[in-house]
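Visitor: I have a sequence and a model to look over. Please walk me through it, one question at a time.

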Amino acid sequence: MEITVGLKGTVTATVNDTNTAKTVGSGSLDVFATPMMVALMEKASCVAIENNLEEGFTTVGTLVNVEHLSATPVGMVVTVESVVTAVDGRKISFEVIAYDEAGIIGKGTHDRFIVNAEKFIAKTYSKKN
């Protein structure tokens, strides 16, 4: 299968006690944490292409450039949409947008690289030797 511009991924999460800024340490308030929004953006990007990767291959995030524009309270649902905007060899670029039930809460870009999972893990863990 091939990764092409226009592939889309969507994920959702309900804001709860596990993903607030206060809980994850990125602030002191009970609102949806920026790191959790970024994690959802990465997940949506993975979902967009997961069925188009060759067996044994995965992607790793290499760049996230986003704005967190609006706070989301506990109990609301956050939806993130990711769309492939460019493919350059092993590099895949995405546009990401996050919404809650009141509107856009975040947006930006994200890059991922295709890697052979086994080789990537072997190289990473060789650092321990």
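Visitor: What share of the 129 residues in the protein chain is buried?
Guide: Keep in mind that this is a predicted model. A residue counts as buried under 20% relative accessible area. By that cut-off, the buried share of the protein chain's 129 residues is 33%.

Visitor: In what pattern do the helices and strands follow along the sequence?
Guide: The protein chain has three helices and five strands. Read along the sequence, their pattern is β-α-α-β-β-β-β-α.

Visitor: Ile92 is one of the core residues with the most contacts. Which isoleucines does isoleucine 92 touch, beyond four places in sequence?
Guide: Its partners at that separation include Thr59, Val84, Ala86 and His110. Asp111 and Arg112 are also among them.

Visitor: Is asparagine 52 buried or exposed?
Guide: Asparagine 52 sits in the loop between α2 (34-49) and β2 (57-68). Its relative accessible area is 14%. The cut-off for buried is under 20%. Therefore asparagine 52 is buried.

Visitor: Which residue's backbone oxygen does the side chain of asparagine 52 reach?
Guide: A polar contact needs N or O atoms within 3.5 Å. The side chain of asparagine 52 has a backbone oxygen at 2.9 Å. That oxygen belongs to glutamate 2.

Visitor: How does serine 26 count: buried, partly exposed or exposed?
Guide: Serine 26 lies in the loop between α1 (21-24) and α2. Beyond four places in sequence, serine 26 contacts Ala21, Ala33, Thr34 and Pro35. Its relative accessibility is 38%. Buried is under 20% and exposed is over 50%, so the class in between applies: serine 26 is partly exposed.

Visitor: What accessible area do Phe120, Ile121 and Tyr125 have together?
Guide: Tyrosine 125 belongs to helix α3 (residues 117-125). With Phe120 and Ile121, Tyr125 forms a nonpolar patch on the surface. Together their accessible area is about 310 Å².

Note on methods:
Residues are numbered from 1 along each chain as its sequence is written. This is a predicted model: local features need pLDDT of at least 70, side-chain atom pairs count only at pLDDT 80 or more; totals for chains, interfaces and linings use all residues. Side-chain values use heavy atoms; hydrogens and water are left out. Helices (H or I, at least four residues) and strands (E, at least two) are DSSP runs, numbered from the N terminus. Buried means under 20% relative accessible area, exposed over 50%, partly exposed in between (1.4 Å probe, protein chains only). A polar contact is a pair of N or O atoms within 3.5 Å; within protein, one must be able to donate a hydrogen and the other to accept it, and residues adjacent in sequence count only if both atoms are side-chain atoms. Patches are made of residues with over 30% relative accessible area and no salt bridge: like charges are joined within 9 Å, nonpolar side chains (Val, Leu, Ile, Met, Phe, Trp, Tyr) within 5 Å. Accessible areas come from the Shrake-Rupley method with a 1.4 Å probe; for residues, only the protein chains shown count as cover. A salt bridge is a side-chain nitrogen of Lys or Arg within 4 Å of a carboxyl oxygen of Asp or Glu. A nonpolar core is a set of buried Ala, Val, Leu, Ile, Met, Phe, Trp, Tyr and Cys residues joined through side-chain atoms within 4.5 Å. Contact means heavy atoms within 4.5 Å.
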